[in-house]
Amino acid sequence: MVALAEAVTHSAAGAALDIEQLSHAFDIDGTELPVLSDVSISVEPGEFVALLGPSGCGKSTLLRLVAGLDKPKAGRLREDEERIRSPHPSRVVVFQDPTLFPWRSVWDNVALGLEAQGVLKSQRHRVDAALDLVGLASFRNAYPHQLSGGMAQRVALARALVNDPKILILDEPLGKLDSLTRITMQAELVALWQRKGFTTLLVTHDAEEALVLANRVIVFSDRPARVKADIRVDRPYPRHRGDPYLADLRRQILGLLGLDATW
Amino acid sequence: MSTYSLSDGLASGAPRLSRAPLLAGWIRESGVGVLASIAWIAFGLSCLWWQDVGDWSRTHSLGIAAFVIAAIALFGTVGADYLGSAGRALHKRAPWLLTLGAFLTLWEVATAKLAWLPLPFFPPPQAIIEVYTDDLPKLLDSVFASVKLQLGGYLIGATVGFLTGVSIGWSRAVGYWVHPVLRFIGPLPATAWLPIAFFTFPSSWSASTFLIALATGFPVTVLTWSGVASVSNAYYDVARTLGAKPSFLVLKVAIPAALPHVFVGLFMGLGSSFAVLVVAEMVGVKAGLGWYLQWAQGWAAYANMYAALIVMSLLCSGAITLLFAIRDRLLVWQKGTVKW
Ligand SMILES: Nc1ncnc2c1ncn2[C@@H]1O[C@H](COP(=O)(O)OP(=O)(O)OP(=O)(O)O)[C@@H](O)[C@H]1O
Ligand SMILES: [Mg+2]
């Protein structure tokens with residue numbers, strides 16, 4: 001953790017992200033499936049934004065658009081006032097599936113970004129530091145098929161963090177972790193984010209996770225996703241799960257997601 | 001292992017076990033090895049006991065060799081515990097050794113001694129040994145010629161096939177032009193080109209190289225192509241968000257991901273190129289094992305044909321083994337791959 005932050009000398013601060021009237025739709029067998037409808041979110045540099053919404057509403061789709069992997073049907077995306085047209089390593093994604101490269105060892109998977117950018121030779125220590133961070137230093141030579149689901153997810157996280165992104169895009173990165181590792185990783189994530197100051201977009205299904213981590217929670221409607229609520233979470237870190245203020249917000253959010261009955 | 005019951009009994013000083021189960025245990029462990037030794041002694045005796053019905057010069061040496069093998073089998077079995085991994089290897093192969101010894105004995109008796117099988121067509125083992133000792137230079141020349149031709153053609157075919165496959169899988173424009181040609185020409189057996197190739201190419205050697213390359217290239221191309229085409233988009237997405245350029249996507253994502261397919265193509269290409277090699281050597285090239293077979297047939301030298309066939313099968317099997325070794329090296333990351 002500390003090692004990684006120190007290893008990265010030219011600390012990149014976060015970038016601002018502007019999502020303006022974004023709409024997107026998929027063609028399925030000739031019929032149009034609207035997925036995002038007029039979504040506008042303005043994210044300050046260094047903000048930690050959690051995105052919550054029903055399954056299948058379009059959260060992953062939004063993240064792909066922000067990453068520059070797909071082109072939106074309408075609307076604009078800007079990173080620090082610059083139009084997002086294609087992927088760039090300043091915006092790194094941790095996908096919902098770890099999608100590690102099975103033919104590369106754990107170390108080589110984490111080194112992927114540095115290698116792709118042609119800086120691996122001088123920056124090998126960053127790979128080691130990132131592996132230390134996720135607690136997998138002893139698995140550096142293992143192949144992905146030898147890892148558990150949670151370990152693979154942690155490798156995917158290390159593979160993103162090693163690139164020192166300005167915007168870190170996380171699609172349920174902790175979803176497959178056991179609750180203990182999950183809590184540890186949440187703390188690590190917050191510490192890392194505070195130290196490095198990158199902007200974070202985190203999709204999660206877990207309202208509590210959103211509230212412990214983010215300083216802003218955005219709740220989406222059912223598909224096509226539109227912004228249903230935009231909630232500030234003004235609480236200092238480290239936050240406590242039992243905090244009555246957070247419990248109150250949590251009840252509010254679950255209500256927005258239509259879960260009052262179960263609460 | 002073999003001595004468990006034995007050393008158990010000895011270690012305790014006075015053997016508690018009666019002799020009978022001890023003996024039974026020993027027979028169970030070492031019986032096959034001893035039988036294998038007996039089979040080879042039988043083979044040796046079958047060589048030396050009677051007079052040959054024909055005139056072969058290596059009968060005596062073969063018999064001696066059989067006794068040597070019998071001795072090795074016997075000592076290897078009895079002393080298995082002192083021989084470590086060699087002893088274990090012998091123990092594992094003892095059933096095969098037994099079968100082989102019995103088969104050779106039968107073969108020897110049925111051909112050289114009692115002539116149950118018609119003679120020129122079914123030579124005895126010593127006749128084949130004679131080919132290896134007396135016709136060695138010519139056989140080695142043939143092996144060398146075959147290996148050279150096969151290696152050249154295969155490497156050219158595999159390289160061209162691989163590059164073509166990657167280009168079709170990667171570039172739509174290349175696919176547009178190459179795909180129809182591939183569909184039209186690819187399924188044609190390479191040997192169908194033989195008559196044309198032998199008069200259009202400057203030499204029969206270059207013609208054969210071309211044909212072998214063709215036979216190799218088609219499966220390699222198709223499988224490389226399908227391998228590249230089936231690479232999951234998720235891999236490209238990951239690489240692109242990490243800043244990968246197109247060259248990186250081809251070299252570090254598409255090709256490694258397609259490699260298991262490529263090896264399937266390489267194996268198929270190897271098989272079909274062997275067929276082309278033999279036919280080309282029989283028809284056009286005046287060298288190589290295929291030609292040796294043809295030549296031996298012309299002289300009704302059946303022992304030479306069997307000898308050449310054995311060498312040929314060893315070479316083909318060796319080539320496959322080599323390819324498997326390379327694959328296992330490159331694809332260590334795959335779990336559960338087939339062992340050759
Ligand atoms: N490539 C695609 N082609 C067609 N439809 C798609 C495609 N990707 C996503 N969809 C559709 O878009 C909708 C939103 O998908 P998305 O993956 O963004 O949901 P999500 O909010 O991330 O859901 P979850 O929380 O379950 O991951 C789904 O109905 C899905 O069927
Ligand atoms: Mg999703």
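Guide: Gladly; here are a few questions about terms and values, each answered in turn. This is a predicted model, where local features need pLDDT of at least 70, side-chain atom pairs count only at pLDDT 80 or more, and totals for chains, interfaces and linings use all residues. Residues are numbered from 1 along each chain as its sequence is written, chains are lettered from A and ligands numbered from 1 in the order in which they are written, and side-chain values use heavy atoms, with hydrogens and water left out.

Visitor: What radius of gyration does chain B have, and what would a compact globule of 340 residues have?

Guide: The radius is taken over C-alpha atoms, and the globule rule is 2.2 Å times the number of residues to the power 0.38. For 340 residues that rule gives a value near 20 Å, but chain B has 27 Å. The C-alpha trace of chain B spans about 80 × 60 × 25 Å along its principal axes.

Visitor: Why is Q21(A) called exposed?

Guide: Buried means under 20% relative accessible area, exposed over 50%, and partly exposed in between (1.4 Å probe, protein chains only). Q21(A) has 52% relative accessibility, so Q21(A) counts as exposed. Q21(A) is in strand β1 (residues 17–28) of chain A, and its phi is near 45 degrees, a positive value in a residue other than glycine.

Visitor: And why is A300(B) called partly exposed?

Guide: The relative accessibility of A300(B) is 43%, so A300(B) counts as partly exposed. A300(B) lies in the loop between α12 (288–298) and α13 (302–330) of chain B. A300(B) also has a positive phi, about 55 degrees, although it is not a glycine. Most residues other than glycine have a negative phi, and most peptide bonds are trans.

Visitor: Where is there a cis peptide bond?

Guide: One joins R223(A) and P224(A), with omega about -5 degrees. The bond from Y237(A) to P238(A) is cis too, with omega near -10 degrees.

Visitor: What is the area buried between chain A and chain B?

Guide: Buried area is the accessible area (1.4 Å probe) that two parts lose on being put together, summed over both. Here that comes to about 2000 Å², of which carbon and sulfur atoms give 69%. In chain A, W103(A), A116(A) and H145(A) lose the most area to chain B, together 32% of what that side buries.

Methods: Helices (H or I, at least four residues) and strands (E, at least two) are DSSP runs, numbered from the N terminus.
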